[in-house]
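Reader: I am new to this structure, and I would like to understand the words used to describe it. Could you set each value against its definition as we go?

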Protein chains: 2
Amino acid sequence: MKKLINNPEYVVEDMISGMIAAHPEYLRKSDAGNILVRKESPIKGKVALVSGGGSGHEPSHAGYVGKGMLDGAVAGAVFTSPTPDQVYEAIKEVDGGEGVLLVVKNYTGDIMNFDMAKDMADMDGIKVESVVVNDDVAVENSTYTAGRRGIAGTVFVHKIAGAKAEQGASLEEVKRVAEKVVANVRSMGMALSSCIVPAAGKANFTLAENEVEIGMGIHGEPGTHRGEIKTADEITEHLVTKILEDMPLGKGIEVAVMVNGLSGTPLMELYIANKKVSEILCEKGIKVHKTLVGEFMTSLEMAGFSVTILKLDDELKALLDEKADTPALKVY
Amino acid sequence: MKKLINNPEYVVEDMISGMIAAHPEYLRKSDAGNILVRKESPIKGKVALVSGGGSGHEPSHAGYVGKGMLDGAVAGAVFTSPTPDQVYEAIKEVDGGEGVLLVVKNYTGDIMNFDMAKDMADMDGIKVESVVVNDDVAVENSTYTAGRRGIAGTVFVHKIAGAKAEQGASLEEVKRVAEKVVANVRSMGMALSSCIVPAAGKANFTLAENEVEIGMGIHGEPGTHRGEIKTADEITEHLVTKILEDMPLGKGIEVAVMVNGLSGTPLMELYIANKKVSEILCEKGIKVHKTLVGEFMTSLEMAGFSVTILKLDDELKALLDEKADTPALKVY
């Protein structure tokens, strides 16, 4: 295992120290543990958003804590759900009196622990709602998931629900737009290589010299199939086709696109993939309103990428374009 | 070679198509070739900045084309200097009548070709000046370089000289602050793995299972030494120590820090490195005004990172904090 780390047991703590040192103008660490919140939390009169999950997906989720996105991010151990206590502490830390929306990726452990935290906060009289993101069209009922997995599309939920909350909307309204994003966002990914959880010390799957895995999850869960690597155009076309089979889009529809690197894939290759995404959408008369290319939801050092397509209406488009100021995503 | 590409001969063209598709609000492609310029170029009355070099270092340099940074970026083949003609065309495309500053990393091929382009533009009556960035403290007189290599510190030159140009300063003034950045910026990097130039199809160096290379260049040029991997704290301390030996900084000095991923290293590990950078600087009484953690000057899929420290004065600090709006760096 060749990693730039100290003790594998403290990678999350070390990372959080480095994040706070880098971004003191955005973030502070909760005294209650591995929870990062907006420096000015709690914000009176604003619905708060909390997300999180296992670590190893940086900048998800603490990189999105800031104006117009999240109020708090809970960091579990690498690829491990945060505890109910952690989520509960985050809720208490950010609640400004208008309630808290939990944005949860669809993994069984996350669902269970965020739900327990919600129940604990309910008993304190804090209004808490949650939405579950399940944007991965690749497979149903995967290793850690009943239904579909939540992957990079989650970042669009953070952005759009966060903008709604920043406008002063009620918890019900913020939840409504978050659910609208969930209903209209689809993703699918592929891997060129595996990754190593520091505490495990060995790869969680292996690929042969010329082999890739299509549709795998962001923790290396099995995808739809393996095969010899094809061209970027062929691979990208397969992913976009699968997404559009699941969510047919007619001519004139507007979308936002995210080409998300899993970490080991250079930006050059992500742009090469985006060339094909934009060509396919253009041929179909689908209008791309906004494109994000970069690393938004990673899988440790895994090489590979995912494509996310979000179908927009006027409301989602306006909220997507609202200002955001966070360490990992800035919109002005 | 497992890469997300189509024809290795067209990776730069494909990438540029994908960049234009992703960022039409910032960039347009010059008809003269692999040159990306600010959409609104030329901007009358503003000094223009042109940078560039071999491809494979994305988001350098086209990712920094936009308000408050570069006006044009010239993309050579992977790890290959752009031609004099390309640079000359970029100069003509962005000159708004106040002259053009070329920001060149210190590689023999780049120096020669940017100089020839300058001479060609001079004959057209365009005022052109250039600065050479040589921030890498690791080695002198490397594979492609007389003197020191130019690496990630170049991004601070783009940011600060770009801000000065945006304020309407003269070519002489923009050049002066660019040279001030060059005089006050130092970097050093290390690699955990090599990278493969697409057209070559094989790694340009190899490291054993537990081996790292300290001080290598962004094209895989030899560093100061190889050895078994140590902890993130030990590696980071070595890099920061080498930088501070070269540029001693007293108590109370303010700096900007960049912890730059070469591409294959996860953001989690870059933050772990930043923890140590900030601790060392804090112990020495050096004040960190701003920290950038992410991928700014990459080396294809190489795993590893570099640390850059920029010594600030009031002028550099103010220009660093000025607004910038580019695909890869936004400051508000």
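**Values and definitions**

Author: Let us begin with B:Asn113, which, neighbours within four places in sequence left aside, is in contact (heavy atoms within 4.5 Å) with B:Ser81, B:Pro82, B:Thr83 and B:Pro84. This is a predicted model, in which local features need pLDDT of at least 70, side-chain atom pairs count only at pLDDT 80 or more, and totals for chains, interfaces and linings use all residues. Residues are numbered from 1 along each chain as its sequence is written, chains are lettered from A and ligands numbered from 1 in the order in which they are written, and side-chain values use heavy atoms, with hydrogens and water left out.

Reader: Why does B:Asn113 count as buried?

Author: Buried means under 20% relative accessible area, exposed over 50%, and partly exposed in between, with a 1.4 Å probe and protein chains only. B:Asn113 has 11% relative accessibility, and therefore counts as buried. The residue is found in helix α3 (residues 108–123) of chain B, where helices are DSSP runs of H or I with at least four residues, strands are runs of E with at least two, and both are numbered from the N terminus.

Reader: Why is α4(A) called roughly antiparallel to α5(A)?

Author: Helix α4 (residues 154–166) and helix α5 (residues 171–184) of chain A pack at an angle of about 155°, with their axes 9 Å apart. Angles under 35 degrees count as roughly parallel, over 145 as roughly antiparallel, 65 to 115 as roughly perpendicular and the rest as oblique, so α4(A) is roughly antiparallel to α5(A). The axes are lines fitted to C-alpha atoms, for helices over the stretch in contact, and the angles run from 0 to 180 degrees between N-to-C directions.

Reader: How do you know that α4(B) is mostly covered?

Author: Twelve of the 13 residues of α4(B) are buried, among them B:Phe156 and B:Ile160.
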